[in-house]
Amino acid sequence: MGFWKKAAVNSLVFIALAYFMAPSFYVHSLWTAFWASIVLGIVNFLIKPVFLILSFPITLLTFGLFSFVINGFMLYLTSWLVGPGFHFTSYGTAFLVALIMSIVHMFLSRDDVH
């Protein structure tokens, strides 16, 4: 899946999750969600590899599950960079959103393999 398709999917997932997790996850508008998905893509490209390398031993010990913690942190960092229009009340909410987004992308990328 290309960058712009991922950005569009992330935007729709952000809007849907903000609706279902209303008090703990806030997205101001569809444009804010799209901007946040672009920022998330940039953060994942520039910062996430550094965290993956630094956390390799603990990721290895947890059989890869620590990568979900890193994904939650990337979302939390994205919310800090985007500003008040894209907000999590806690890291746990960011972790849950990252987990759901991983599942959505897993199902969507399953069709790209064929």
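In this predicted model, the buried residues of helix H5 pack against helix H1 (3-20), helix H2 (30-46), helix H3 (48-54), strand S2 (86-88) and helix H6 (91-110). The residues of H5 that are buried are Ile 70, Asn 71, Gly 72, Met 74, Leu 75, Leu 77, Thr 78, Ser 79 and Val 82. H5 itself covers residues 66-82, and its 17 residues reach 25 Å from the first C-alpha to the last, which is close to the 24 Å expected at 1.5 Å a residue. Just after H5, Gly 83 takes a positive phi of about 115 degrees.

Leu 75 is also among the residues with the most contacts inside the largest nonpolar core, together with Phe 14, Phe 25, Phe 86 and Val 97. Two or more residues of this core come from each of H1, strand S1 (25-27), H2, H5, S2 and H6. Leaving aside residues up to four places away in sequence, Phe 25 touches Phe 14, Leu 17, Ala 18, Phe 86, His 87, Phe 88, Thr 93 and Val 97.

The largest pocket has a volume of about 410 Å³, and of the 16 residues that line this pocket, Lys 6, Asn 10, Leu 40, Asn 44 and His 105 are the closest to its centre. H1, H2, H5 and H6 each supply at least two residues of the lining, whose make-up by class is as follows.

| Class in the lining of the largest pocket | Number of residues |
|---|---|
| Nonpolar | seven residues |
| Polar | seven residues |

Terms used: Residues are numbered from 1 along each chain as its sequence is written. This is a predicted model: local features need pLDDT of at least 70, side-chain atom pairs count only at pLDDT 80 or more; totals for chains, interfaces and linings use all residues. Side-chain values use heavy atoms; hydrogens and water are left out. Helices (H or I, at least four residues) and strands (E, at least two) are DSSP runs, numbered from the N terminus. The expected span of a helix is 1.5 Å times one less than its number of residues. Buried means under 20% relative accessible area, exposed over 50%, partly exposed in between (1.4 Å probe, protein chains only). Contact means heavy atoms within 4.5 Å. On a 1 Å grid over the protein atoms alone, a cavity is a set of points where a 1.4 Å probe fits but cannot get out, and a pocket is an open set with protein on both sides within 12 Å along at least five of seven lines; lining residues have an atom within 4 Å of a point. Grid points are joined across faces, edges and corners, and a volume is the space filled by probe spheres set on the points. Ala, Val, Leu, Ile, Met, Phe, Trp, Tyr, Cys and Pro count as nonpolar, Asp, Glu, Lys and Arg as charged, and the others, Gly among them, as polar. A nonpolar core is a set of buried Ala, Val, Leu, Ile, Met, Phe, Trp, Tyr and Cys residues joined through side-chain atoms within 4.5 Å.
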